[in-house]
Amino acid sequence: MKLGVCYYPEQWDRSMWLKDAQDMVRLGVKVVRIAEFAWSRMEPQPGQYDWAWLDDAVGILADQGLEIVLGTPTAAPPRWLLQAHPDMLARDAQGRERGFGSRRHYCFSSESYREACRVIVTEMARRYGQHPAVIAWQTDNEYGCHDTVISYSDSALRRFRLWLAKRYDNIENLNRRWGNVFWSMEYAAFDEIGLPVALPAQVNPIHALDFRRFASDEVCSFNRLQCDILREYSPGRDILHNFMGFFGEFNHHELSADLDVATWDNYPLGFTDMVRFIPEAERVQWMRSAHPDIAAFHHDLYRGMCKGRWWIMEQQSGPVNWASANPSPLPGMVRAWTWEAFAHGAEVVSYFRWRQVPYAQEQMHSGLHTSDGQIDQGGREAAIVAAEIDTLGDFGAHHAASVALVFDYNSKWMMDIQPHGEQFDYFGQVFAYYRALRRMGLDIDIVPPSADVSKYAMVVVPLLATLDDECVARWQASGAQIVMGPRTGSKTLDYALPTGLPPGPLRMALSIRVSRVESLRAGVSETVCLADGTPGYAKIWREFIDVAQGVEVLARFADGQPAVACQGAFSYHAAYFSDDVLDRLLADVAHAAGITIQALSGGLRLRRRGKLQFAVNYGPGLVSLPVAADRMVLGEAQLAPAGVAAWLAE
Ligand code: GAL
């Protein structure tokens, strides 16, 4: 467990660098990320490189014993590059080019931009690739931030057509699989196909989905281009990228196949404020401590990307500048968020940023220090964590989770394209299940649909739109209890209804037929009654299902129709349920799987790492922990708000 920090030497006078590096060491920082936005200083004129300043910065940090993560600067191309390659800009849905004057003003499909990136990454990797202090490379910065995955540029169109030709081989095949007989949408050649934008009526969903798949592949191949160069010139160094929160515009599982470590940027208060599926009351309730499950959800998601290796690349250290309101964290929360990440298995937690910068776009964004150089609340809390890491010593890094939750980017895109009701949100549904499991005190692994789930006792599939026989057979053979949310098995890979209706191939294991679905307006609910009479409700989404003989009905809607169907180890939820219903249903499945659960009250959350059980209190009141005082190794058994505790697990 190491602490890190994001540092921008190019934004500060050269005379400050040595003291900054020394202060980092004093604070307990071990890893420092630099350079990811400094292209205009590395290459001020086309082909004229100025490495002297970066040599100095790297040298100064290295001399203090700091380990360096170098960012490739491709998220911030300089102005002169645009002069040379006007085609590098992305184009938005209104046909407007994304201009210069901020960052990420490039199109993933621009071949001239790819070439420019190849050159700068090669130059940088050649110069620093063997430096002993350089331990890792970050490719670019937050792929897709500021809504930049999708581009409707000419380059994107050209490459999309090639992508389609490769996928479908001939145009008749595409016409058939897209269902283009509908509305006379048939094409005679791939060159006739346009981008799914600015059409009078709805886009054919498979046209839109293939464009999303294409756009995701573009991000992956753009990243691979950089990874290939870095591996050649900088062998033995980790390659990583910093992912974002609640962001699914490209397939992170696929992109991670080219990385050694998945990292993500954790801004818990910013997400609590911005995520649309959190009710307003909860936004206010958690405004200073953050919703207790948001960071954990991403820790579990990104831990599943690179065989368990993951970091926090940017950790919120005070108020941010980009949410609709930007409150100050409750004192203690920066420390608590750091421990939550370590408890989930993070190797490094790196704070954003060393010092608040007094100018430009992020002058209102805090760091570990204020812009006049004084240590701030976040810096003081980071120093406490550094001391605690030393005190705790080595207690192991892993702990096997008993529950797997399946996350699927393809399903996310399908639900974006055809939500069939404006309240419907893929992340919202997944997060509802995740939250319920966390409230039960469980450790959760978030896995892709292709995962081997045989080591888990319980597998939760909030929504997997496309299923195949192999997947269902794998789940059957796993011996786990399998719980599925609505819309699972609802589509084919070509974005059509499956033969014999949803849930498609799932019928191998569970004999139900979804004959009709409906979406519900905000504020509308449908009463649901569990088998033991416990009442609750469904919202946002409801299905009408026929159940065959041998299928047990565990809950019904008020009109008597089945709401939960179960056969053997498989159960299916025919609606988006309220929290109390979900808690109850998942608790019953956990019981059947032999998993012990705890009903956590308020803002208490648990996570085990190695020999230690960690607890974080996100709530406003004191919480009594279920542990004898002599087992405690960190914190108190009476856990205060924003408190962290750890004890030797049984
Ligand atoms: C991230 C980004 C950083 C910085 C930060 C501010 O999205 O990677 O460069 O802008 O947000 O919160």
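Colleague: In what sense do S1 and S2 pair, and over how many bridges?
Modeller: This is a predicted model. S1 spans residues 2–6 and S2 spans 29–34. Within this pair, cysteine 6 stands opposite arginine 33 in S2. The pairing of S1 with S2 is in the parallel sense, over four bridges.

Colleague: How many of the residues of S2 are buried?
Modeller: Buried means under 20% relative accessible area. S2 is largely enclosed by the rest of the structure, because its buried residues number five of the six.

Colleague: Which exposed residues does H1 carry on the face turned away from its buried side?
Modeller: The buried residues of H1 (residues 17–27) are Trp17, Asp20, Ala21, Asp23, Met24 and Leu27. Because they cover an arc of only 165° around the axis, they lie on the same side of H1. Their cover includes S1, S2, helix H3 (52–63) and helix H14 (377–392). The face turned away from that buried side carries the exposed residues Lys19 and Arg26.

Colleague: How are H6 and H8 oriented to each other, parallel or perpendicular?
Modeller: H6 (residues 154–168) and H8 (residues 205–233) pack with their axes 10 Å apart, at an angle of about 105°. Angles of 65 to 115 degrees count as roughly perpendicular. Therefore H6 is roughly perpendicular to H8.

Colleague: How many nonpolar, polar and charged residues are in the contact of H6 with H8?
Modeller: On the H6 side the contact includes Phe160, Trp163 and Leu164, and on the H8 side Ile206, Phe211 and Phe214. Charged residues also take part, among them Arg159 in H6 and Asp210 in H8. By class, the contact has eight nonpolar, two polar and six charged residues.

Colleague: Aspartate 147 and arginine 487 both have a positive phi; which of them is buried?
Modeller: Most residues other than glycine have a negative phi. Aspartate 147, in the loop between strand S4 (134–138) and H6, has a phi of about 60° and counts as exposed because its relative accessibility is 54%. Arginine 487 is in the loop between S12 and S13, with phi near 75°. At 5% relative accessibility, the residue that counts as buried is arginine 487.

Colleague: What is omega for the cis peptide bond from phenylalanine 352 to arginine 353?
Modeller: Arginine 353 is in the loop between strand S8 (348–352) and H14. Another cis bond joins proline 502 and proline 503, with omega about 5°. For the bond from phenylalanine 352 to arginine 353, omega is near -5°.

Conventions. Residues are numbered from 1 along each chain as its sequence is written. This is a predicted model: local features need pLDDT of at least 70, side-chain atom pairs count only at pLDDT 80 or more; totals for chains, interfaces and linings use all residues. Side-chain values use heavy atoms; hydrogens and water are left out. Axes are lines fitted to C-alpha atoms, for helices over the stretch in contact, and angles run from 0 to 180 degrees between N-to-C directions. Helices (H or I, at least four residues) and strands (E, at least two) are DSSP runs, numbered from the N terminus. Angles under 35 degrees count as roughly parallel, over 145 as roughly antiparallel, 65 to 115 as roughly perpendicular and the rest as oblique. Contact means heavy atoms within 4.5 Å. Buried means under 20% relative accessible area, exposed over 50%, partly exposed in between (1.4 Å probe, protein chains only). The arc is that of the directions from the helix axis to the C-beta atoms. Two strands pair if DSSP finds at least two bridges between them.
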